[in-house]
Amino acid sequence: MNITPGYYFENLGAKPLSEKSPLFKKIVSCFGSFEAWQRNLVSTGMIRGIGWVILYQDPIDGLLYNIWVDEHNINHIPGAEPLLIMDVREHAYITEYGLSRLGYIQVFLKNINWEIVESRFLKCAAEKEAR
């Protein structure tokens, strides 16, 4: 899996996710509620270490998972599609938030471009349907 910085920067831009959207419904289906997904993402982002948090759609079971990826290469789900990428390496937040990774994560959540994230989700669904 080669996730370029473009994946991260593309999913920024503060565009809301409609509660009627297929992605919102999938998040609720997988996590119980949108708020539970957010809590899980924050908890995953607070794991000690450096890396990324990626909302993946598993190609086998179709479920969504927030996965901690250490550095760039450890913990990816083989064949899974990255939907949302959050950089939690120090360079992403230290200049504005100091050591407050949580402060950065809270601002990140408010600045997700859900149009991009949902387009990735819908693309996965279309590709699966085509198989």
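Predicted model: local features only at pLDDT ≥ 70, side-chain atom pairs only at ≥ 80, totals over all residues.
At what angle do α3 and α5 pack, and how far apart are their axes? Residues are numbered from 1 along each chain as its sequence is written, and side-chain values use heavy atoms, with hydrogens and water left out.

The protein has 6 helices and 3 strands, where helices (H or I, at least four residues) and strands (E, at least two) are DSSP runs numbered from the N terminus. Along the sequence they follow the pattern α-α-α-β-β-β-α-α-α. Of the 131 residues, 44% are buried, and here buried means under 20% relative accessible area, exposed over 50%, and partly exposed in between, with a 1.4 Å probe and protein chains only. If we take contacts (heavy atoms within 4.5 Å), then among those with a separation of 6 or more, 61% join residues 24 or more positions apart.

Now to the helix pair. The angle between α3 and α5 is about 145°, and their axes lie 10 Å apart; axes are lines fitted to C-alpha atoms, for helices over the stretch in contact, and angles run from 0 to 180 degrees between N-to-C directions. The crossing is right-handed, a term used if the near helix is turned clockwise from the far one by less than a right angle, with anticlockwise giving left-handed. On the α3 side the residues are W37, Q38, L41, V42 and G45, and these meet R101, L102, I105 and L109 of α5. By class, this contact has 6 nonpolar, 2 polar and 1 charged residues, with Ala, Val, Leu, Ile, Met, Phe, Trp, Tyr, Cys and Pro counted as nonpolar, Asp, Glu, Lys and Arg as charged, and the others, Gly among them, as polar. Q106, also in helix α5, is partly exposed at 42% relative accessible area, and its C-alpha atom is separated by 9.7 Å from that of Q38, 68 residues away along the chain.

Which residues have the most contacts inside the largest nonpolar core? They are L23, I27, W37, L83, M86, I112 and W114, in a core of 36 residues; such a core is a set of buried Ala, Val, Leu, Ile, Met, Phe, Trp, Tyr and Cys residues joined through side-chain atoms within 4.5 Å. At least two core residues come from each of α2 (22-31), α3 (34-45), β1 (51-57), β2 (64-70), β3 (81-87), α5 (101-110) and α6 (114-130). M86, leaving out residues up to four places away in sequence, touches Y8, L41, G45, W52, V53, Y104, I105 and F108.

Finally, two loop residues. N113, between α5 and α6, is buried with a relative accessible area of 8%, and beyond its neighbours within four places in sequence it is in contact with E10, N11, L12, G13, A14 and K15. A14 itself sits in the loop between α1 (5-10) and α2, is partly exposed at 42%, and has a phi near 50°, a positive value in a residue other than glycine.
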